[in-house]
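This briefing covers backbone geometry, helix packing and aromatic pairs. Please consult the sequence and the structure alongside the text.

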Amino acid sequence: MMDSDVKNPFIVGKYLSEEYFCDRAEETDFLLKQITNGRDVALISPRRIGKSGLIQHFFNQTDIKEQYHTFFVDIYATTSLTEFVYTLGKEIYAQLKPQSTVWKEKFFKTIASLRMGFKLDAFTGLPTFDLGLGDIQVPQTTLDEIFTYIDESDKPCIIAIDEFQQIGEYAEKNVEALLRTKIQKCNRAQFIFSGSKRHIMSNMFNSPSKPFYQSAISMGLAPIPIKTYADFAILLFEERGKHVDREVVESVWQQFDGYTWFVQMMMNELFALTVENDTCHVDKITEAKHNVIMSQENSYKDLLSNLPPKQKIVLQAIAKEGLAQNITSSKFIKKYNLSSASSIQAAVKLLLKNDILTQTEDGYRVYDFFLSEWLATVY
């Protein structure tokens, strides 16, 4: 049934319900089979293609909701074991807070090192979790307590850790081995390790020298097929008294290589530009793209202002190229008035590390399609 509170059905950056989620039936069934049979999963694919949405959709399945506690932990912004433990503990409590269960009451009894973060709201009388990073004095102790708590849960848990490759960047050098040991001994939880840096994730789970070697079933994620997405988009328009040409949806899908976040952003804007009972034609695509890019222009300017000059010049060159090959060749250097092959390599290395560039089998491109077009045409 259509939710009247949702004015624009092309949801961006979050999961609402199955109604606004496109397909992924086979991928959902695959996750269901692996997890319910006691196998952890390493979900490896580029950012913005729909990993987080798939996990949330999987968590929303009736059997999973009824039989498991589910936790989604995004560690993309973490830089240390302390931050990891803080993020994990806070997510567990956030999911438990609405519930009135013995397991919730046991949270601060078992995880004693977080007890100082437990307070009662002066106005509502309800418990709150008010904890700062500095309150975690010994992260390994808190981590031990969290895993003890999970192992004593009233029903099995599924813990999805997003951008899992981030643990390899932590200041502490033994985090992979530490987590592997804890997870291996945890009998009441299955894990989904989601990551976007494919070479790092593949190395973590496929290299014999790594602690997580062969500890999870690897799973990739390809773009939703163009016909499937077009059918989905047309239906959402029709359900709200609007129409869209199939050519429009297919053109958008092709321009963004089927990357879900970018396609959804465009369709969200195209839906907003189409009045009720009218039809969205291809002539609206240029306007929609311009509107999306301009809505993010300030953040793009901030990004550029924080880049060193050499990185900025290389980034602009690759954006103008679209898909850049042979970036250290004399032809590429001369075309964009770059300094040297070594300086290009150094700049690209940092741009890749910061997820501003991405590398494909065919070359390098700016990760954000909208940023790429802004750099090439507006800036």
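Asn 326 is exposed, at a relative accessible area of 60%; exposed means over 50%, buried under 20% and partly exposed in between, with a 1.4 Å probe and protein chains only. The model is predicted, so local features need pLDDT of at least 70 and side-chain atom pairs count only at pLDDT 80 or more, while totals for chains, interfaces and linings use all residues. Residues are numbered from 1 along each chain as its sequence is written, and side-chain values use heavy atoms, with hydrogens and water left out.

**Positive phi**
- Asn 326, a residue other than glycine, has a positive phi near 50 degrees.
- Asn 326 lies in the loop between α15 (309–321) and α16 (330–335); helices are DSSP runs of H or I with at least four residues, strands are E runs of at least two, and both are numbered from the N terminus.
- Asn 337 also has a positive phi, of about 55 degrees, and sits in the loop between α16 and α17 (341–353).
- Asn 337 is exposed, at 69% relative accessibility.

**Helix packing**
- Helix α11 (residues 246–255) packs on helix α12 (residues 260–273) at about 145 degrees, with the axes 9 Å apart; axes are lines fitted to C-alpha atoms over the stretch in contact, and angles run from 0 to 180 degrees between N-to-C directions.
- Val 248, Val 249, Val 252 and Trp 253 of α11 meet Val 263, Met 266, Met 267 and Leu 270 of α12, where contact means heavy atoms within 4.5 Å.
- Helix α10 (residues 226–239) packs on α12 at about 25 degrees, with the axes 12 Å apart.
- The helices α10 and α12 are therefore roughly parallel (angles under 35 degrees; over 145 is roughly antiparallel, 65 to 115 roughly perpendicular and the rest oblique).
- In this contact, α10 contributes Tyr 229, Phe 232, Ala 233, Leu 236 and Phe 237, and α12 contributes Val 263, Gln 264, Met 267, Leu 270 and Phe 271.

**Aromatic pairs**
- The count comes to 25 aromatic pairs, with rings of Phe, Tyr and Trp (its six-membered ring) paired if their centres lie within 6.5 Å; planes under 30 degrees apart are stacked, over 60 edge-to-face and the rest tilted.
- Phe 58 and Phe 59 form a tilted pair, because their planes are at 40 degrees, with ring centres 6.0 Å apart.
- Phe 58 is buried at 0% relative accessibility, and Phe 59 is buried at 6%.
- One aromatic cluster is formed by Phe 256, Tyr 259, Trp 261, Phe 262, Tyr 367, Phe 369 and Phe 370.
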